[in-house]
Amino acid sequence: MSATAENPPATATATATATATATATATATGVEERVRARVITDDPLYRTIPVALRFAVAEPLAVRIVFPAGLSPEGTDNEWVFPRALLEAGLQAPTGTGDVRVWPCGRVQAVVEFHSPEGVAVVQFDIAALRRFLRRTYAPAAAATRQA
């Protein structure tokens, strides 16, 4: 399955580690969870950024990862849309061959790698944060189905 990128990050080569924060919302239309991402580049020091994980009930097969506008030369949010199944599978084993690739990194982290014409960005998340987000993506869909 190929991923679709919307406004891909312009970061040449970057890596990040994300940890969950208390900011999480769920509505009948979707889920948003904010996490902190620790950016790792060739520099041995890490830089932390906020990242939003989003899911819309109207697009039940997709998830979105949104990077802040401050990382973009255009000053706009960098939003990546790709299959929810890709994120789920990548928590267990390496997966993906297109613009987005996911794999576990040790026992507590997972890597999401984004490819664009401008370069590659690699984001390392806490697996617990991604699993919590994915669990929450099924709750709105179930609620919407019951209401229909």
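1. Arg-54 and Glu-79 meet through their side chains in a salt bridge, 3.9 Å from N to O (a side-chain nitrogen of Lys or Arg within 4 Å of a carboxyl oxygen of Asp or Glu). The pair links distant parts of the chain, with Arg-54 in strand E4 and Glu-79 in strand E6 (residues 78-83), 25 residues apart. Strands (E, at least two residues) and helices (H or I, at least four) are DSSP runs numbered from the N terminus.

2. The model is predicted: local features need pLDDT of at least 70, side-chain atom pairs count only at pLDDT 80 or more, and totals for chains, interfaces and linings use all residues. Residues are numbered from 1 along each chain as its sequence is written, and side-chain values use heavy atoms, with hydrogens and water left out.

3. Arg-54 also forms a salt bridge with Glu-32, where the closest N and O atoms are 2.7 Å apart. Arg-54 lies in strand E4 (residues 46-56) and Glu-32 in strand E3 (residues 30-40), so this pair ties together parts 22 residues apart in sequence.

4. Arg-54 is partly exposed, at 24% relative accessible area, whereas Glu-79 counts as buried at 17%. Buried means under 20%, exposed over 50%, and partly exposed in between (1.4 Å probe, protein chains only).

5. Glu-59 forms a salt bridge with Arg-64, the closest N and O atoms being 2.5 Å apart. Salt bridges that share partners join Glu-32, Arg-34, Arg-54, Glu-59, Arg-64 and Glu-79 into one network. The structure holds eight salt bridges.

6. Leu-87 is in contact (heavy atoms within 4.5 Å) with Val-63, Phe-82, Val-102, Val-112, Leu-130, Phe-133 and Leu-134, leaving aside neighbours within four places in sequence.
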